[in-house]
Amino acid sequence: PVEDPTCDMGAEFDNKVRANVAAMTQTIDRVYMQFTSAAANPITVVRHHANWGNAPAVAPTVSRTLAGRYLVTWPATVTDELGVVHTVNIVGGRGNAQAGAFYQVQFLANGANSADVYIFNAAGTLVDAAGIVIDVWGR
């Protein structure tokens, strides 16, 4: 029973909160990162955030594989603050180009912890869009 309604939460409400959080873990973005596009490797990761943290040890890597195509790879496993190891599983996502010109960014998950990011210009041609910051979200 709730002893103090100003700071205690009843079990019925707490159960709903826990169920909502559990359901949300399958539908929200798990990762966000930015990289600067370039015509050659290495590709610079500008920033990264994930459900498991933003330390350098869990940063994604980015490599240019073809003109306008970049491979983003996150760690295969991560360890939470309780010491439990979790397997990373990115199933979809999206992208954005921070540019004055039009670019279409597409995200294609190609493995549990990796994705191809494609950058197209207004004509529909794959381009490197060198120097443009690309945002990537994955879920």
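Colleague: Of the 139 residues of the chain, what percentage count as buried?

Modeller: In this predicted model, 31% of the 139 residues of the chain count as buried.

Colleague: And which elements is the chain built from?

Modeller: The chain has one helix and ten strands, and from the N terminus on the elements run α-β-β-β-β-β-β-β-β-β-β. The radius of gyration is 19 Å, well over the 14 Å that the globule rule gives for 139 residues, so the chain is more spread out than a compact globule. Along its principal axes, the C-alpha trace spans about 65 × 30 × 25 Å.

Colleague: Let's take the strands, then. What is the order of the open sheet that contains β10?

Modeller: That open sheet has four strands in the order β2-β1-β10-β7, and their pairing is antiparallel. The edge strands are β2 (44–50) and β7 (93–98), each of which pairs on one side only. From one strand to the next, the twist averages 15°.

Colleague: What does the pairing rest on, in general?

Modeller: Strands of a sheet pair through backbone hydrogen bonds, either parallel or antiparallel.

Colleague: How many bridges join β7 to β10?

Modeller: Six bridges join β7 to β10 (residues 133–138), and the two strands run antiparallel.

Colleague: Over how many bridges do β8 and β9 pair?

Modeller: β8 and β9 pair over eight bridges in the antiparallel sense, and Phe107 stands opposite Val117 in β9.

Colleague: Changing topic: how many salt bridges does the structure hold?

Modeller: It holds five salt bridges. One of them is between Arg69 and Asp116, whose closest N and O atoms are 3.2 Å apart. This pair links distant parts of the chain, since Arg69 is in strand β4 (residues 69–73) and Asp116 is in strand β9 (residues 114–121), 47 residues apart.

Colleague: Is Asp116 buried or exposed?

Modeller: Asp116 counts as buried, because its relative accessibility is 5% and the cut-off for buried is under 20%.

Colleague: Which residue meets Glu12 in a salt bridge?

Modeller: The side chain of Glu12 meets that of Lys16, with 3.9 Å from N to O. Glu12 and Lys16 are four residues apart in helix α1, so about one helical turn separates them. Glu12 itself is exposed, with a relative accessible area of 61%.

Colleague: And what about Arg18, which residue does its side chain meet?

Modeller: The side chain of Arg18 meets that of Asp14 in a salt bridge of 2.7 Å, N to O. Arg18 and Asp14 are also four residues apart in helix α1, and therefore separated by about one helical turn. Arg18 counts as exposed, at 57% relative accessibility.

Colleague: Staying with the surface, which residues make the nonpolar patch?

Modeller: The nonpolar surface patch is made by Met9, Phe13, Val17, Val21, Met24 and Ile28, and its area is about 500 Å². Phe13 lies in helix α1 (residues 11–24), and Phe13 is exposed, with a relative accessible area of 51%.

Colleague: Last topic, the backbone. Which residues does the cis peptide bond join?

Modeller: The cis peptide bond joins Asn41 and Pro42, with omega at about 5°, and Pro42 has its place in the loop between β1 (31–36) and β2.

Colleague: Which residue has a positive phi although it is not a glycine?

Modeller: That residue is Ala129, with a phi of about 50°, and it is found in the loop between β9 and β10. Ala129 counts as buried, at 10% relative accessibility.

Colleague: Why mention these two backbone features at all?

Modeller: Most residues other than glycine have a negative phi, and most peptide bonds are trans.

Terms used: Residues are numbered from 1 along each chain as its sequence is written. This is a predicted model: local features need pLDDT of at least 70, side-chain atom pairs count only at pLDDT 80 or more; totals for chains, interfaces and linings use all residues. Side-chain values use heavy atoms; hydrogens and water are left out. Patches are made of residues with over 30% relative accessible area and no salt bridge: like charges are joined within 9 Å, nonpolar side chains (Val, Leu, Ile, Met, Phe, Trp, Tyr) within 5 Å. Accessible areas come from the Shrake-Rupley method with a 1.4 Å probe; for residues, only the protein chains shown count as cover. A salt bridge is a side-chain nitrogen of Lys or Arg within 4 Å of a carboxyl oxygen of Asp or Glu. Buried means under 20% relative accessible area, exposed over 50%, partly exposed in between (1.4 Å probe, protein chains only). Two strands pair if DSSP finds at least two bridges between them. Axes are lines fitted to C-alpha atoms, for helices over the stretch in contact, and angles run from 0 to 180 degrees between N-to-C directions. The radius of gyration is taken over C-alpha atoms; the globule rule is 2.2 Å times the number of residues to the power 0.38.
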